[in-house]
Amino acid sequence: MISGDSIVALSSGRLPAGVAVLRISGPRTRFVVETIAGGMIKERTAVLRKLRAPDGTVLDTGLVVFFPGPASFTGEDVAEFHVHGGRAVVARMLETIAGFDDVRHAEPGEFTRRAFLNGKVDLVETEALADLVNAETEAQRRFAVQNAEGAQSELYLGWRRRLIHARAMIEAEIDFADEDDVPGSVSDAVWFDVRSMISEIDNHIAGFHAAEVIRDGFEVVILGAPNAGKSSLFNALARRDAAIVTDEPGTTRDLLEVVLDLQGLRVRLIDTAGLREGPGKIEAIGIEKAKAKAGRADLLLLLEDAADPRDAGPLLVTIPALRVGTKLDLLDGGAADDAARRYEFGISVVEGTGVDELLAEIGHRATQAAGGAGDVLPSRLRHVELLGAANRHLHRAADDGTPQELRAEELRLAADRLGRIVGAVDVEDLLDVIFSQFCIGK
Ligand SMILES: Nc1nc2c(c(=O)[nH]1)N(C=O)[C@@H](CNc1ccc(C(=O)N[C@@H](CCC(=O)O)C(=O)O)cc1)CN2
Ligand SMILES: Nc1nc2c(ncn2[C@@H]2O[C@H](COP(=O)(O)OP(=O)(O)OP(=O)(O)O)[C@@H](O)[C@H]2O)c(=O)[nH]1
Ligand SMILES: [Mg+2]
């Protein structure tokens with residue numbers, strides 16, 4: 001599929017920059033290169049050229065690379081101009097290239113969209129490329145690279161192949177039902193495989209939470225009575241003064257968030273209003289927010305002033321929590337030993353003790369929640385929904401009570417849901433949503 005328009009965009013980042021890369025894709029690419037670089041260049045080789053507008057004006061001196069289709073990123077003819085990264089240079093280059101007939105500025109994600117339409121990447125790989133561009137932590141990068149290289153796609157296509165095979169066997173059994181050459185043991189083996197696929201898919205779906213931890217972060221909420229030392233710990237973990245600390249109970253009212261990178265994982269740490277009965281109006285709203293946030297957290301830090309324990313009211317117990325005793329510096333030897341037994345962690349922000357250990361434990365918990373490195377996980381809710389739909393069809397297919405010909409049809413529907421994840425079937429309606437999340441030039 002070769003599209004009529006050629007498209008151009010700045011594919012590198014924010015300006016000014018040392019070097020900026022402009023990319024053009026489509027049938028006009030050769031002509032644009034010939035005109036701007038003053039002649040055709042050797043393909044797939046970076047060549048230094050004086051770059052000129054069609055009227056002869058010198059725009060810059062830069063590297064030009066030409067990739068003839070179909071062996072290019074988009075599958076079409078592609079060229080790159082690596083120019084000095086000044087705003088005016090880039091603006092004039094873009095204006096010049098987009099000024100050619102049948103060349104226009106690219107929409108967000110349009111290069112990758114063409115790569116998809118030309119069969120260079122499937123839909124899941126495309127989503128992974130978007131994740132790779134947005135990756136901020138090492139875990140996000142690793143996960144995105146693995147999926148851009150097809151780890152998720154291989155899994156889904158493998159299941160799909162097995163289902164297509166299963167359906168062929170079952171249909172053969174229907175067609176030859178009155179003959180003896182398709183023994184019952186074949187269909188037994190088929191249904192055995194379908195049932196094992198159901199549990200493989202269920203296990204895979206269960207990994208979505210780990211993918212969310214990698215992508216959105218592991219959420220840690222600090223809770224405790226007013227003055228327990230929540231904001232002090234929050235600042236110590238963030239290594240900056242992100243929250244106001246005073247000796248007045250009720251200092252923090254709203255939720256505060258800092259993002260940490262712990263052992264290559266995104267961790268979101270949230271400071272909250274101290275929990276107590278009968279506060280003023282603003283603080284009461286803050287307490288409600290704290291409780292709501294805590295209800296959705298991955299880990300709670302339940303803080304208590306070890307020198308002055310105070311009831312923070314009934315706390316949620318369904319979410320993993322660490323009990324942390326604070327202000328250990330205020331205790332004498334015996335009381336400190338006592339506190340060490342009462343809490344999982346004892347800290348003093350004033351003396352800086354216990355904070356690194358707590359940080360290491362949070363990192364450890366986050367790593368566990370993110371699953372093993374290299375696990376293949378569903379990376380989008382879209383995948384989980386289609387996998388769930390596939391499994392509903394498989395359950396009906398595997399049910400002995402379902403008439404034989406409907407069982408084969410259920411297998412087809414399940415294979416179709418898997419095909420839709422990777423974009424092998426019927427995805428035209430998804431493309432605008434998926435590609436609009438890309439940046440321009442990707
Ligand atoms: N300068 C530059 N760097 C870049 C890119 C780019 O487009 N330009 N990429 C852009 O995302 C990434 C690399 N990804 C790429 C993927 C495929 C092809 C490509 O030409 N594929 C052909 C030929 C393959 C081959 O020679 O082995 C193909 O698939 O047929 C190029 C870049 C990251 N770095
Ligand atoms: N000695 C000592 N004082 C501490 C320590 N941590 C906090 N404090 C003090 O305890 C008081 C309350 O600290 P904050 O961090 O504001 O407490 P908070 O839990 O955020 O309080 P609210 O926001 O009001 O709920 C401040 O005066 C802090 O300086 C500590 O480790 N040792
Ligand atoms: Mg506070």
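This is a predicted model: local features need pLDDT of at least 70, side-chain atom pairs count only at pLDDT 80 or more; totals for chains, interfaces and linings use all residues.

Two residues are taken to be in contact if their C-beta atoms, placed from the backbone, lie within 7 Å.

Select residues 381–398, which form helix α13, together with residues 404–422, which form helix α14; the two pack at an angle of about 170 degrees, and their axes are 8 Å apart. Because an angle over 145 degrees counts as roughly antiparallel, α13 and α14 are described as roughly antiparallel to each other. To see where they meet, show the side chains that α13 brings to the contact, namely His383, Leu386, Ala389, Ala390, His393, Leu394, Arg396 and Ala397. Facing them from α14 are Arg407, Glu410, Leu411, Leu413, Ala414, Arg417, Leu418, Arg420 and Ile421. If you colour the residues of this contact of α13 with α14 by class, you will find 10 nonpolar, 2 polar and 5 charged.

Now zoom out and show the whole protein chain, whose secondary structure comes to 15 helices and 12 strands. Its radius of gyration is 29 Å, well over the 22 Å that the globule rule gives for 442 residues, so the chain is more spread out than a compact globule. Taken along the principal axes, the C-alpha atoms fill a box of roughly 80 × 80 × 40 Å.

Next, give each domain its own colour: domain 1 covers 6–120, domain 2 is made of 127–207 + 378–423, and domain 3 covers 214–369. The centres of domain 2 and domain 3, taken over C-alpha atoms, are separated by 43 Å. The contact between them takes 6 residues from domain 2 and 6 residues from domain 3. On the side of domain 2 that touches domain 3, the residues divide into 2 nonpolar, 2 polar and 2 charged.

Move on to the ligands, and select ligand 1 first. Which residues surround ligand 1? They are Val21, Phe67, Ala71, Ser72, Phe73, Glu80 and Lys120, and by class this shell has 4 nonpolar, 1 polar and 2 charged residues.

Finally, select ligand 2, which has 24 residues around it, of which Lys230, Ser231, Ser232, Thr252 and Gly274 come nearest. Highlight residues 230–238 as well, for this is helix α9, which gives the most to the shell around ligand 2, with 3 residues. By class, the shell around ligand 2 has 8 nonpolar, 12 polar and 4 charged residues.

How values were computed
Residues are numbered from 1 along each chain as its sequence is written. Chains are lettered from A and ligands numbered from 1 in the order in which they are written. A residue is near a molecule or strand if its C-beta atom, placed from the backbone, lies within 6 Å of it. Ala, Val, Leu, Ile, Met, Phe, Trp, Tyr, Cys and Pro count as nonpolar, Asp, Glu, Lys and Arg as charged, and the others, Gly among them, as polar. Axes are lines fitted to C-alpha atoms, for helices over the stretch in contact, and angles run from 0 to 180 degrees between N-to-C directions. Helices (H or I, at least four residues) and strands (E, at least two) are DSSP runs, numbered from the N terminus. Angles under 35 degrees count as roughly parallel, over 145 as roughly antiparallel, 65 to 115 as roughly perpendicular and the rest as oblique. Domain bounds come from an automatic or database domain assignment. The radius of gyration is taken over C-alpha atoms; the globule rule is 2.2 Å times the number of residues to the power 0.38.
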